[in-house]
Amino acid sequence: DRVVTGEELNQITHRALSELLKKGPVIFARVEPKDKLRVVRALQDNGEVVAVTGDGVNDAPALKKADIGIAMGLRGSDVAKESADIVLADDNFASIVDAVREGRAVYANIKKFVTYILTHNVAELVPVIAYVIFRIPLPLTVMQMLAIDLGSDILPALGLGVEPPEKGIMEQPPRPRTKKLLDSMTLKRVYLFLGPIEAAFCLSAFFFAYWIRGWAPGEEMSSAGVIYAAATTMSFAGIVASQTGNVFACRTDRVSVFTVGFLKNRFILFSLLAEVSITLVLVYTPPLARVFGFSPLGFKDLAFLLIFPFVILGAEELRKLFIRRSVSIAQGKSA
């Protein structure tokens, strides 16, 4: 590490300062307020995201110029507080670390929320495509899709928004400012893995309902009546059952959910209970069942649906295990 005094800094050009900052950690000592501003500009020109802490009036220009200005709440001047983006109420630098951890957790939870929601959107879209291409009866009606989008899936999605920070979240390098929320890895996870699995479950439940009620492949499938209502109910319940496993799968990106534990996020447990209750009320309450086109399901139907949560969770656990091993191997080679 190198120490540069304010007198030395005055003799360095802006370009030389930028090159100096690229080489490694530098400590600037006995500098003037204008020198702090120079350092901030040089770091930003190097593509860095700059945070500046300060408490005095002289720190205001650097606090204002920085990407994140952090003023002291107890001993900081009013000018510094007004210039900053964040005010530390306790003047404790450890609070900055806690804020970074919380910020990373919020960002990760938004991605989990989006992943969970987009997964069931794929499961709703594929049956409609199958209806258009293969000329089968529509596996899901519009009202049943709305029952998922605006009813059963709302609370579990909100539960992911209060998920505690994942283990090792502070060991990850800072993400680039250009990184998008819906990056390629998230889209691949949704549209090439979780979504297709859930869509396959939805269609399998649809055909299973016909099959156990006497239909055989090659025969015409009725698009009305009790059998069709039971089949669309199975499609709806298949997505709901898959999402109960998917919400646990989405709780972590790489770490196994068995390591995190199933009981730590009680809001998700409550939301799953509410989701199942809403589904049962819609399916087994005659007035609501008529509105949404549902038909009561039998024991064989429910037994078939119970497989879905465990399969989708198991598949996601295998994917995470593969990623963890791949990262471990890559780190071992780089070391």
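Student: Which residues lie nearest the centre of the second largest pocket?

Tutor: Happy to start there, keeping in mind that this is a predicted model. The second largest pocket is lined by 19 residues. Those that lie nearest its centre are A241, T244, V276, L306 and P309.

Student: Which element gives the most to the lining of the second largest pocket?

Tutor: Four helices each supply at least two residues of that lining: α10 (225-249), α12 (266-284), α14 (299-305) and α15. With six residues, the one that gives the most is α10.

Student: How many residues of the lining of the second largest pocket are charged?

Tutor: Let's go class by class. In the lining of the second largest pocket, 16 residues are nonpolar and three are polar.

Student: Which element supplies the largest share of the lining of the largest pocket?

Tutor: The elements giving two or more residues to this lining are β4 (68-72), β5 (86-88), α6 (94-134), α9 (184-212) and α15 (307-334). The largest share is 11 residues, and the element behind it is α6.

Student: How many residues of the lining of the largest pocket are charged?

Tutor: Here the lining of the largest pocket has 19 nonpolar residues and seven polar ones. The charged residues number 16.

Student: Which element has the lowest mean pLDDT?

Tutor: The chain averages a pLDDT of 92, and 99% of the residues score at least 70. Among the elements, α14 has the highest mean, 97. At the other end, with a mean of 89, is α15.

Student: Is C250 buried or exposed?

Tutor: Buried means under 20% relative accessible area. C202, at 0% relative accessibility, therefore counts as buried. C250 has a relative accessible area of 1%, so C250 is also buried.

Methods. Residues are numbered from 1 along each chain as its sequence is written. This is a predicted model: local features need pLDDT of at least 70, side-chain atom pairs count only at pLDDT 80 or more; totals for chains, interfaces and linings use all residues. Side-chain values use heavy atoms; hydrogens and water are left out. Ala, Val, Leu, Ile, Met, Phe, Trp, Tyr, Cys and Pro count as nonpolar, Asp, Glu, Lys and Arg as charged, and the others, Gly among them, as polar. On a 1 Å grid over the protein atoms alone, a cavity is a set of points where a 1.4 Å probe fits but cannot get out, and a pocket is an open set with protein on both sides within 12 Å along at least five of seven lines; lining residues have an atom within 4 Å of a point. pLDDT is the predictor's confidence in each residue, from 0 to 100. Buried means under 20% relative accessible area, exposed over 50%, partly exposed in between (1.4 Å probe, protein chains only).
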